[in-house]
Amino acid sequence: MSGTAAVLADILKYTIVAATPLLFASIGGLFSELAGMLNIALEGLMGIGAFFGMAAAGLTGNVFIGMLAAIGSAVAGSLLMGTVTIKFKANLFITGLAINLLAGGITAVLSQWWYHTKAVVAFTLPPPVPAFPAALSQIPFVGPVLFSHSVLTVSAWLWAIVAAFIIKNSRHGIRIQATGMNAQAVSSLGYSPDRARMAALVWSGVGSGLGGFALGVSVSAFVPNIVSGRGWIALVAIYLGRKKPLWIAASCLLFALSESLSNYIQGFSSIPPLLVLALPYAVTLVSLIASGNKR
Amino acid sequence: MPAERELHSPARVMLAVGVSIALSAVVLALFSKDLGSALEQFFLEPFSNRYFLGNYLADAVPLMIAGLGVLIAFRSKNFNLGGEGQLYASALAAGVLALRLPAGTAPFAVWFLAALTGVLTGAAIGALSGLLKAVRHVSEMISSFLVSAIVINVSDFFITGPLQDPASNFQTTRQLAPKFLLPRILAPSKLDISIGLALVLIVAFMIVDKRTKIGFELKICGENEEFARYCGIPVAAYQIAAMAISGGMYGLAGALLVIGPQGRVMRGFSSGLGWSAISVALLAQGSGAGIVPAALFIAFLGTGSDHIMIGSGIPSEIVSILQAVAMFFITARSLPRIWKKRGQS
Amino acid sequence: MQPMTAVRMREISKRYLPSGVLANDGAELEVEQGSIHAIVGENGAGKTTLMKVLAGLELPDSGDIEINGEPTHISSPAHARALGIGMVHQHFLMFDELSAAENIFFGLEPVQKPRLLRLLGIIDSSGLNEKAKSLANEYGFSIDPSAPVGALSISTRQQVEILRQLAREMRILILDEPTSVLTEQETEALFEKLAEIRHMGRTILLVTHKIDEVMQIADKVTVMREGKTIGTYSVASTSANELASIIMGGVPSEEIQIHKEHAIKGASVMRIEGLCTHRHHRGGVGLSEIAFDVHAGEVLGICALSSNGLDELEDVLAGFLVPSAGRCAFGGLHFDVRKVHEYRRFLKEGKISYLPSDRMRRAAALSLPVRDNFIALSRRNYFSRGWIRSTLARRATQEAIHAFDISAQPEQMTAELSGGNIQKLAIARLFSKEQPELFILCEPTWGLDIRSTEQVHSRIREVQNAGSAVLLLSSDVDEILTLSDRVMVLYRGKQVLTRENSGYLNRALIGEYLLGTRSA
């Protein structure tokens, strides 16, 4: 394989890896978006999931338990947000902001308490389980790009497919969609919009928790500010994908490609790395502007 | 449907303040070896001597200015979530300008030009989000956050690259000449005359708010957009202006930190100030005069958290938790039903 | 065999708070099972309130209700549904991006057979579409079950809404002004369906103010006025004209005192030609080819019952709605009305003064003091070089409060005022400004007591005599007849009458145009 092809394969492979947390979180956020709630707390919920997921995985040495802890902690955060917003009639954006602040605080405080550092906490995890037989990953180019991934990465795509199916084909999904379209009509037919909203927030907790956990697993550590804006990028992916799971996945790939490229450029070019780090945000901002319109 | 108990604004503020103080006390009780002295440190030390008091007040100054900016954006129903980047980039722009000015420049001119640079930089960044909202209907929350993220990276690059102080081990710009720094009051503390400017701005806002046409029209835009259009007020222009002012105030706060307590721009300069300013504006509940106590309270939580850290090894990020809890209570409009039932029985 | 009584409502009274409006004042209603029963009356006669009581959306202050002979107390919409009472609202409660079938069977979707899928509530989509199709066929509706309802025509959306109630086994259907958004052909089609539904043994309550429709489809009709039931008549044994005069109060035209001096007609102030709007703005009918002019010193009264185009006309004249076609001449300028910016300038410069019909939403900032609301419209007068002239503002507010008899203080929060006082404040604000060339007054006395109404009327005559042109948009026929030099009537968005307010016009005649029994 020529050098260029190898580089390209590398960039594409990392694109799929980088898309994993975005896809988990944005599909989770899609549920609350469909229920009519712009969930700006994805960022914080991802941070919570990353920290507790990694902590549990590190403690037990079991990635699956870590995953459950990530989901559980992020769902707890989204339930807190939902309770304050729906039951106490609080402003959704302010509670979202508070969750983001809370996430930063709790992870730093607990990191200091449990690991005696606010900096990087490295964990030794069992090696990732490959999702495909080794033979497939030997296929030139396609092998490393598509078939070298772990079960966790592949499950992000399964998650997106299952979520899309639930949204479109289940009573539950229809209830959530209907709440976002016309909450008054939902209650006039005798169903509770608030219950649908709460359920939608739980889904976004699940997605963000998994997304945060995937971030932690990818570096085998908990790093302060590990999410660094990915929750917001996931939010923009929902907009850019016009709330359609397939297009959201495509948007996540686009943002992940810009992240992958920025990683590559950092290593191999004279452009200063810190400027390159801004690339994913810039791509996200431009696509946000492009997807906005005159209503 | 039974009407739930509505919480009114003073009650919400009292609850928010009370609960976050109580929570800090609980944290102290859990983690300190000597609760009595820890409580004393937490609650009284900021007032115990000139030095601590001055530093405490100095911490409140940028919160007052930036918090006032957030409040003005709230007036027109805009959420500016780009404060971190606006403050950082403006501080850098102001710092660079002050470093480039000839050594013979009159200090007053330096202060003025640096502050102006900060205001303009922040205002330009803020206005961008306002413009995107008015023209493309892009959520100002998301766009201001993303712009801020970009701006932070670019600023990081300048500080660690072309503007790095070669003589320093830290990632920072060079230090400003001491004579270019704002005169201190309550020396040796960090407090300088910018506290005067902060108070003047707050009073000016209160006057503009109460006495001028601009303040009047901004208020109407925020209260009822349809009524504002009926009155012939250019709603979109006020949206953009409010975001620009909000960014400009963050910028001013950043510039004053550079020509004041900090004297240079280090990497990670804004360190959460952008978010804390939002807490200040929320606590002030829309009142200009409320900014002062709100900023003093949030600064107090910050100072208190530093003391918790020293006394117990709990990191100062505990302040984020305290602020988040305060936010939950400020924004809750009604008590949960369980609470109400208990109140009735 | 005596037909069963499906609904019996006795002595129903309902007073809305805090406005204190008595919407139902001992209203009575008796509806036979398997019939189409129309409820008619002017705007504000209490029809909709009575139906809301029946649908559990409002609790009555007093009165008794029997459903199918069983005394009951309808406490909630859910309770009404359990009794088999369903309401099709004027503004449909739809999920635009869901399919017709999903809208109809929302919450009742058939699920897949396999146990796991059933537990997860996975919908059997083809079964759902089949179900929707067979329900539609049963009642002779033709809909595409898989089409998203947002893409459907208004009349099809209405069918979806009706099918939704039928799918829920509702035995008593309430339709609130179902034809207000339909064309004549669509109305015909709807009536065929309603006849079919009646044929299946269900009862239909039809709220309307179009008499031709009552004559065409209903078995019986109940007339309401001022919250009371005037009477219930068999359609077969009454005529359209008889019904119209009962609705309008049965007052012969001679008795109406038209105390207005004929003003001398001045130069034309505004001329509108070929004004059209797209259908369905605010759920309305849209305007077609509206043309009028109004002269200095003249009041042109434009009258219509709700959902006949008055809202759209107001929004165009207020500069809030961009019309689809039309030309306007004002102040010597001719321009395309689609260029709203040109038109808005006149409002901004104070050449046109406009009083919105929706005071709470468009004419007040409720959480600001009365003074701020009062000065908001003429900021030029109360700010000098950008600074407020507070003494002047306070004094002017105080004077207006006094002159218009508003119970308020300048410093009081506007939200604390009653609806009537907020209304008077909006009127005072408009009449305290420097006099414009044209007044556009929308429902100026809606909800005011008699004394305040007379006060406002004399103000309108004053500005008219001082040379302003006045466009009076009102659904109150008496007000139109009292004040207007010329009268224009809109019906289904079309101009069905434009004439001098001479002895020829009277309440009953205008009523016939308003109710659609007579056309141009």
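I count two strands as paired if DSSP finds at least two bridges between them. I take helices (H or I, at least four residues) and strands (E, at least two) as DSSP runs, numbered from the N terminus.

Conventions. The model is predicted, so I recorded that local features need pLDDT of at least 70 and that side-chain atom pairs count only at pLDDT 80 or more, while totals for chains, interfaces and linings use all residues. Residues are numbered from 1 along each chain as its sequence is written, and chains are lettered from A and ligands numbered from 1 in the order in which they are written.

Entry on S8(C), pairing. I looked up the partners of this strand. Strand S3 (residues 36-40) of chain C pairs with S8(C) in the parallel sense over four bridges; there C:Ile36 has C:Ile204 as its bridge partner. Strand S7 (residues 172-176) of chain C is also parallel to S8(C), over five bridges, with C:Leu175 opposite C:Leu206.

Entry on S8(C), burial. I call a residue buried if 20 or more other C-beta atoms, placed from the backbone, lie within 10 Å of its own. Strand S8 (residues 203-207) of chain C is largely enclosed by the rest of the structure, because five of its five residues are buried. I noted that C:Thr203, C:Leu205 and C:Val207 point one way and C:Ile204 and C:Leu206 the other way. In a regular strand the side chains alternate between the two faces of the sheet.

Entry on S11(C). I found strand S11 (residues 268-276) of chain C antiparallel to strand S12 (residues 290-295) of chain C over five bridges, where C:Leu275 stands opposite C:Ile290. Five bridges also join S11(C) to strand S14 (residues 325-330) of chain C in the antiparallel sense, and C:Cys276 has C:Ala325 as its bridge partner.

Methods
A residue is buried if 20 or more other C-beta atoms lie within 10 Å of its own, exposed if 12 or fewer, and partly exposed in between; C-beta atoms are placed from the backbone.
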